[in-house]
Amino acid sequence: MPPFIYLVGTILFTVIAQIIMKWAVPSFGPLPESASKLLPFFFRLITNIYFVSALFSALLGSFCWVFALNKYALSFGYPFMSLSFVLVFLASHFIFGESISMLRWVGMGTVILGVFLISRS
């Protein structure tokens, strides 16, 4: 298997985890305002299929990351993780309908340019 697949897997599983978590948040209910309500809230989290799925996806991404680190220098591989920011950014707009300012679009373009430059090194 080409080692680049491990970087792609890390990014995709991380993005999937974030998207699932965003879907799950409304089902968690409000954040507890007192310590006595923390345990029931925690129980709702660990029994929520979306939350568990998001954790599982993040775990798969972590395994892919371990494999990627076995093949690439950290200084080369880690900047690719910023592509997960770009994909979550796009998902927030296209899946969840969040509005994005022009300044944020310019910032994402800068991130993409940075990853491109690092990939050329």
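So, burial: out of the 121 residues in this protein chain, 28% count as buried. Keep in mind that what we're looking at is a predicted model. As for the surface, the chain exposes about 8,200 Å², and 74% of that comes from carbon and sulfur atoms.

Okay, what is the chain built from? Six helices and zero strands. Now, the radius of gyration is 17 Å, well over the 14 Å that the globule rule gives for 121 residues, so the chain is more spread out than a compact globule. Along the principal axes, its C-alpha atoms fill a box of roughly 55 × 35 × 25 Å.

Let's go inside. The largest nonpolar core has 11 residues, and those are Y6, L7, I11, V15, I19, W65, A68, F80, M81, A91 and V115. Which helices each supply at least two residues of this core? That would be α1, covering 4-28, and α3, covering 49-71. The top contributor is α1, which gives five residues.

Pick out I11 on your screens, one of the residues of that core. Setting aside neighbours within four places in sequence, I11 is in contact with F80, L83, S84 and L87.

Last thing, contacts across the whole chain. Take the ones between residues at least 6 apart in sequence: 68% of them join residues at least 24 apart.

How values were computed. Residues are numbered from 1 along each chain as its sequence is written. This is a predicted model: local features need pLDDT of at least 70, side-chain atom pairs count only at pLDDT 80 or more; totals for chains, interfaces and linings use all residues. Side-chain values use heavy atoms; hydrogens and water are left out. A nonpolar core is a set of buried Ala, Val, Leu, Ile, Met, Phe, Trp, Tyr and Cys residues joined through side-chain atoms within 4.5 Å. Buried means under 20% relative accessible area, exposed over 50%, partly exposed in between (1.4 Å probe, protein chains only). Helices (H or I, at least four residues) and strands (E, at least two) are DSSP runs, numbered from the N terminus. Contact means heavy atoms within 4.5 Å. The radius of gyration is taken over C-alpha atoms; the globule rule is 2.2 Å times the number of residues to the power 0.38. Accessible areas come from the Shrake-Rupley method with a 1.4 Å probe; for residues, only the protein chains shown count as cover.
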